[in-house]
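Subject: The structure for you to look at

Hi,

Here is the structure I said I would pass on.

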Amino acid sequence: MVFQPTRGNLPARFGPGVPGVPAIGPTTLDAEVYRDPERYEQERIKVLNRSWQIICRSEQVAEPGDHHVWEGHGESIVITRREDGGLDGFHNVCAHRGARIVAESGTKARRFTCKWHNWAYDTEGRVTGVPDRPDFDATMLAGLCSPAVDVDEWGGWVWAVLAGPGVAGPLKDWIAPEVRDDLAAFRMEDMKLVEKVEWEVDVNWKVAIDAFSEYYHAQALHGMGGKEAKDARHSTMHVHGRNGMYFVPFLGVLEDLLRTLDHTRYAICNYQLFPTAVANCQALHTQVFRAVPLGVTKTRFEAWELRYETDENDDPEYLRQVDFFWEIYKAVVQQDIDEWTDVAATTHSSAYRTNILSKRECIIAHFHRVIEDMLAGGDGLGLEPAPAEDGADAPTG
Ligand code: FES
Ligand SMILES: [Fe+2]
């Protein structure tokens with residue numbers, strides 16, 4: 001039998017007393033945040049390298065010696081599975097003259113060798129072999145090790161902090177508890193990767209995260225029907241810690257939703273995992289969208305489709321439905337990707353100076369405030385607005 005996620009004791013995200021949108025309100029956002037190269041450099045150092053980010057699925061480094069090479073925002077790291085089942089991670093940069101040590105992900109590694117001059121490394125990144133060692137100054141080689149990255153697992157994902165252990169605190173505290181507990185109900189750790197699709201797009205990484213943090217574009221860009229759009233007005237949006245989440249009722253289930261509060265079954269549940277991922281969860285399957293910054297206006301955009309484990313003979317209908325909806329989702333995501341061509345065309349236009357955000361684009365506004373705070377040396381916490389007036393803007397059926 002396929003696992004069916006349910007709300008259990010989780011707090012309601014719809015219904016009487018639940019504010020529909022946080023009191024962030026309509027606001028503006030400077031266009032420079034998407035095109036200023038100096039700002040991008042600061043984001044690399046102060047935000048991207050100092051945050052827990054999704055790297056790969058745990059199943060991609062399942063066995064001892066399995067290793068995964070990840071590259072993004074000018075960095076290259078290697079994650080390795082230890083004999084004791086834990087993970088190590090280090091910067092994939094040779095201590096000799098800086099070449100990349102490991103070119104590709106693989107299995108059964110016991111050591112790595114930089115192919116330029118054959119310096120050898122153990123799977124934790126320590127230098128274990130230097131050809132012609134007596135030619136070097138021994139003090140320069142003592143204890144040499146490639147800098148470690150912080151690495152952990154949650155939800156079936158491998159996560160890392162590139163600036164190193166301790167910089168971002170424990171992973172379990174990085175995601176706001178409201179978002180973490182809600183997302184945990186979907187048990188991504190029990191899911192399996194169906195497919196990962198990648199695109200290279202000519203927009204800033206935040207354009208992609210913004211696009212998956214609002215539902216406002218669904219009617220214009222994705223052709224959402226009038227009835228759906230009317231129901232979608234009852235979506236609720238929430239910001240907690242550095243994260244945001246929103247819930248959109250499926251077509252024609254609004255009354256069920258308000259009665260049962262089982263939005264895990266009756267709504268799309270969307271969780272922004274600051275800074276570079278968004279999980280789009282439904283009872284049947286989950287998509288995780290990830291933006292990997294490659295330059296100020298270049299991004300690798302990834303869509304990961306996950307489904308629950310099942311025996312093909314047990315649940316052919318489940319597998320058929322997952323395939324069916326995933327094909328639809330891919331076509332929908334392609335519409336977002338295509339739209340970014342028009343965004344890219346005007347990124348540097350003198351006429352593009354600001355963005356005007358509605359109150360329902362509040363997760364975007366919050367996301368950018370968190371980044372702003374981290375650029376100023378803060379931890380991105382404590383920026384939530386005061387709770388909205390009781391039930392303000394709440395769906396009433
Ligand atoms: S740069 Fe790696 S061995 Fe020389
Ligand atoms: Fe979209």
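First, some ground rules. This is a predicted model, so local features need pLDDT of at least 70 and side-chain atom pairs count only at pLDDT 80 or more, while totals for chains, interfaces and linings use all residues. Residues are numbered from 1 along each chain as its sequence is written, and chains are lettered from A and ligands numbered from 1 in the order in which they are written.

**Two domains**

The domain assignment gives domain 1 (27-50 + 175-375) and domain 2 (53-152); such bounds come from an automatic or database assignment. Taken over C-alpha atoms, the centres of the two domains are 32 Å apart. Where they meet, 11 residues of domain 1 are in contact with seven residues of domain 2 (contact means that the C-beta atoms, placed from the backbone, lie within 7 Å).

Which elements of domain 1 supply that side? Helix H1 (37-48), strand S11 (191-201) and strand S16 (285-295) each give at least two residues. S16 gives the most, with four residues. (Helices are DSSP runs of H or I with at least four residues, strands are runs of E with at least two, and both are numbered from the N terminus.) By class, this side of domain 1 has seven nonpolar, one polar and three charged residues. Here Ala, Val, Leu, Ile, Met, Phe, Trp, Tyr, Cys and Pro count as nonpolar, Asp, Glu, Lys and Arg as charged, and the others, Gly among them, as polar.

**Helix H1**

A residue is buried if 20 or more other C-beta atoms lie within 10 Å of its own, exposed if 12 or fewer, and partly exposed in between, with C-beta atoms placed from the backbone.

**A three-stranded sheet**

Next is an open sheet of three strands in the order S3-S4-S5, with antiparallel pairing; two strands pair if DSSP finds at least two bridges between them. Strand S3 (67-72) and strand S5 (87-91) are the edges, as each pairs on one side only. Six bridges join S3 to strand S4 (residues 75-81), and tryptophan 70 stands opposite isoleucine 77 in S4.

The loop between S3 and S4 holds histidine 73. Histidine 73 has a phi near 35°, a positive value in a residue other than glycine. Is histidine 73 buried or exposed? Histidine 73 is buried, because 21 other C-beta atoms lie within 10 Å.

Strand S13 (residues 243-249) is mostly covered, with seven of its seven residues buried. In a regular strand the side chains alternate between the two faces of the sheet. In S13, Asn243, Met245, Phe247 and Pro249 point one way, and Gly244, Tyr246 and Val248 the other way.

S13 pairs in the antiparallel sense with strand S12 (residues 236-240) over five bridges and with S14 over six bridges. S12 and S13 form a hairpin with two residues between them, and glycine 241 in the turn has a positive phi of about 55°.

Most residues other than glycine have a negative phi, and most peptide bonds are trans. Arginine 187 is not a glycine, yet has a positive phi of about 50°. Arginine 187 is found in the loop between helix H4 (177-184) and S11 and counts as partly exposed, with 14 C-beta neighbours inside 10 Å.

Where is the cis peptide bond? A cis peptide bond joins phenylalanine 274 and proline 275, with omega about 5°. Proline 275 is found in the loop between strand S14 (267-273) and strand S15 (277-281).

Happy exploring!

Methods
Contact = placed C-beta atoms within 7 Å.
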